[in-house]
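Below is a short briefing on one protein model.

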Amino acid sequence: MSEEKSVETDTSKPALQTIPEYLPEELLPVYDWWKANGPQFLITLVAAAVLFGGGFAFKQYRASKIAGANQEMLKASSLEELESVIAKYGNTKAGNAVRLRLAKAYYDASKYEDALNTYDLFLKKGEARGFAEIAQLGRAQALEGLNRLDEALAAYQSFEKANAKHFLQPYATLGVVRVMTMQGKKDEAKKLLENLKAQKTDKPAWEMTIANLEGIITRYEPRPARSLFDAANEAAKQAVPAAAPAPAKK
């Protein structure tokens, strides 16, 4: 009976971890640390490897997406193709560069509202360095196309003030000249154009552009404002056929 109890007692106790033979005495602390922390260390090491591998895979995936967007952007030549690229890659870094091209395509197609919205979204997304000025000037041109002249003038003048030495600054000045002309401020517009002409002396391309705009200012006559009632009356007159002359009396 006592022997059975002693056997049960011995088997119920966990086996003692024996120290390997021939283990140098100076490695005993390392051996003790491994026995206490080794399994957890391995788990942590594996988890770190998985996380690192996942992060690397995500970076590779993102890089491939950007490369794909760049390739399709270069191939895109129509408004519809650019819209398709935006639908696929609009959330990538390359997507915003495509968005800038799309905004210009909208403007060229006289879709000024779409151009304005796309320029605004481009700026909101966080433009690439050096491209913000292009979007800001494009936005002013879209406002001009929409005939929102006061807003366009403010946008052009703000660009001029903030970018005095930028290569696009003269284009903003041309925008101010055009808007002022449409607002009936022809004298002010001509003065601004004369100042720009003095800066662009001996530059044939600019001289031609300025000369053309000078001619437009001279010929331009603002359309008189008409009320909706006047427009309706004129339309009614054109719609009613002229009355037939009364027959001559015999």
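**Overview**

Buried residues, meaning those under 20% relative accessible area, make up 26% of the 250 residues in the chain. Exposed means over 50%, and partly exposed is in between, with a 1.4 Å probe and protein chains only. The model is predicted, so local features need pLDDT of at least 70 and side-chain atom pairs count only at pLDDT 80 or more, while totals for chains, interfaces and linings use all residues. Residues are numbered from 1 along each chain as its sequence is written, and side-chain values use heavy atoms, with hydrogens and water left out.

**Chain**

- The chain has 11 helices and 0 strands; these are DSSP runs numbered from the N terminus, with helices being H or I of at least four residues and strands E of at least two.
- Read from the N terminus, the order of elements is α-α-α-α-α-α-α-α-α-α-α.
- Of the contacts (heavy atoms within 4.5 Å) between residues at least 6 apart in sequence, 41% join residues at least 24 apart.

**Helix α5**

- Helix α5 covers residues 112-125, and its 14 residues should span 20 Å at 1.5 Å a residue; its end C-alpha atoms are 20 Å apart, which agrees. The expected span is 1.5 Å times one less than the number of residues.
- Ala 115, Leu 116, Thr 118, Tyr 119 and Phe 122 are the buried residues in α5.
- Seen down the axis of α5, its buried residues fall within an arc of 165 degrees, so they line one face of the helix. The arc is that of the directions from the helix axis to the C-beta atoms.
- Leu 121 also lies in α5, and at 35% relative accessibility Leu 121 counts as partly exposed.
- Apart from its neighbours within four places in sequence, Leu 121 is in contact with Asn 96 and Arg 99.
- The C-alpha atoms of Leu 121 and Ala 135 are separated by 9.9 Å, and the two residues are 14 apart along the chain.
- Gly 126 follows α5 and has a positive phi, near 100 degrees.

**Helix α7**

- With 14 residues, α7 reaches 20 Å from its first C-alpha to its last, close to the 20 Å expected at 1.5 Å a residue.
- Leu 149, Ala 152, Leu 153, Ala 155, Tyr 156 and Phe 159 are the buried residues of α7.
- These residues cover an arc of only 165 degrees around the axis, which puts them on the same side of α7.
- Asp 150, Lys 161 and Ala 162 are exposed residues on the face of α7 turned away from its buried side.
- The cover over the buried residues of α7 includes α6 and α8.

**Helix α8**

- In α8, 14 residues should span 20 Å at 1.5 Å a residue, and the end C-alpha atoms are 20 Å apart, which agrees.
- Helix α8 is mostly covered, as 11 of its 14 residues are buried; among them are Gln 169, Pro 170, Gly 175 and Met 180.
- The buried residues of α8 pack against α6, α7 (149-162), α9 and α10.
- Thr 181 is in α8 (residues 169-182) and is buried, with a relative accessible area of 4%.
- Leaving out neighbours within four places in sequence, Thr 181 is in contact with Lys 186, Ala 189, Ile 217 and Tyr 220.
- Gly 184 follows α8, and its phi is positive, near 85 degrees.

**Largest pocket**

- The largest pocket holds about 200 Å³ of space. A pocket is an open set of points on a 1 Å grid over the protein atoms alone where a 1.4 Å probe fits, with protein on both sides within 12 Å along at least five of seven lines; lining residues have an atom within 4 Å of a point. Grid points are joined across faces, edges and corners, and the volume is the space filled by probe spheres set on the points.
- Its lining consists of Leu 100, Lys 104, Tyr 107, Tyr 119, Ile 134, Leu 137, Gly 138, Gln 141, Leu 168 and Tyr 171.
- The elements giving two or more residues to this lining are α4 (93-108) and α6 (132-145), and α6 supplies the largest share, 4 residues.

**Loop residues with positive phi**

- Ser 110, in the loop between α4 and α5, has a positive phi near 65 degrees although it is not a glycine. At 46% relative accessibility, Ser 110 counts as partly exposed.
- Asp 202, in the loop between α9 (186-199) and α10 (204-219), is likewise not a glycine and has a positive phi of about 70 degrees. Asp 202 is exposed, with a relative accessible area of 66%.
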